[in-house]
Amino acid sequence: MKRVLKFLFLLLPFFSFTGNEQGYNIKIKIKGLKDTVCYFGNYYGDKQYVRDTAKVDANGNLVFSGKTKLPGGIYLVVLPSKKYFEVILDKEQNFSMETDTIDLVNKMKVKGSDDNILFYKYYGIILKPKYLTKILTLILIINLTNNCTS
């Protein structure tokens, strides 16, 4: 009997450790958003499905959480304006994000998820040429307009 109790006592830390890994908890702060609802969804084929809903408080804070881990994949957080940003889920399902409604992607800060940190660094690299092209186009239009009016 003593051996059984010792064995169970030795296994106790493993059970308590795995219990902490259960579920998902994604804390998000979105500047410019308050007192509303956001949706957490996932892609399946060419469709998106809602997995969770969270209330946004007066400070722009919301939490998506559940007791069981979600399958790995690309998820999305949908704002009331139908704007959205993507989230990578795999082993890390307890992390925080912070962004701004002015520019959801380029203002994104992630803590506690290496996958999402790398994802948004990569996203930033892809989007820079797109923004640069827009800026150069505007400069060209302004210069052409100024030359035509003078």
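Before I turn to the molecule, one term: a residue is called buried when its relative accessible area is under 20%, exposed when that value is over 50%, and partly exposed in between. Please also keep in mind that what you see above is a predicted model.

With that definition in hand, let me start with serine 113, which has a relative accessible area of 1% and is therefore buried. Serine 113 sits in the loop that runs between strand 8, residues 109–111, and helix 2, residues 114–149. If we leave aside residues up to four places away in sequence, serine 113 touches Glu92 and Phe95.

Let me now step back to the chain as a whole. The protein chain has 2 helices and 8 strands, and, read from the N terminus on, the order of these elements is α-β-β-β-β-β-β-β-β-α. The chain holds 150 residues, of which 28% count as buried, and serine 113 is itself a buried residue. If we take the contacts between residues at least 6 apart in sequence, 48% of them join residues at least 24 apart. As for the surface, the chain exposes about 11,000 Å², and carbon and sulfur atoms supply 62% of that area.

Next, the charged side chains, beginning with a question: which residues gather in a patch of positive charge on the surface? They are Lys31, Lys107, Lys109 and Lys111. Of these, lysine 31 belongs to strand 1, which covers residues 24–31, and because its relative accessible area is 56%, lysine 31 counts as exposed.

Another lysine, at position 82, lies in the loop between strand 5, residues 73–78, and strand 6, residues 84–89. With a relative accessible area of 65%, lysine 82 is likewise classed as exposed. Lysine 82 and tyrosine 39 are 43 residues apart along the chain, while their C-alpha atoms are separated by 9.9 Å.

Finally, how many salt bridges does a search of the whole structure find? The search finds 1, and in it the side chains of aspartate 46 and lysine 47 meet, with 3.9 Å from N to O. As to how open these two partners are, aspartate 46 has a relative accessibility of 66% and so counts as exposed, whereas lysine 47, with a relative accessible area of 46%, is partly exposed.

Conventions: Residues are numbered from 1 along each chain as its sequence is written. This is a predicted model: local features need pLDDT of at least 70, side-chain atom pairs count only at pLDDT 80 or more; totals for chains, interfaces and linings use all residues. Side-chain values use heavy atoms; hydrogens and water are left out. Patches are made of residues with over 30% relative accessible area and no salt bridge: like charges are joined within 9 Å, nonpolar side chains (Val, Leu, Ile, Met, Phe, Trp, Tyr) within 5 Å. Accessible areas come from the Shrake-Rupley method with a 1.4 Å probe; for residues, only the protein chains shown count as cover. A salt bridge is a side-chain nitrogen of Lys or Arg within 4 Å of a carboxyl oxygen of Asp or Glu. Lys and Arg count as positive and Asp and Glu as negative; His and the chain ends are not counted. The place of a charge is taken as NZ of Lys, CZ of Arg, CG of Asp or CD of Glu. Helices (H or I, at least four residues) and strands (E, at least two) are DSSP runs, numbered from the N terminus. Buried means under 20% relative accessible area, exposed over 50%, partly exposed in between (1.4 Å probe, protein chains only). Contact means heavy atoms within 4.5 Å.
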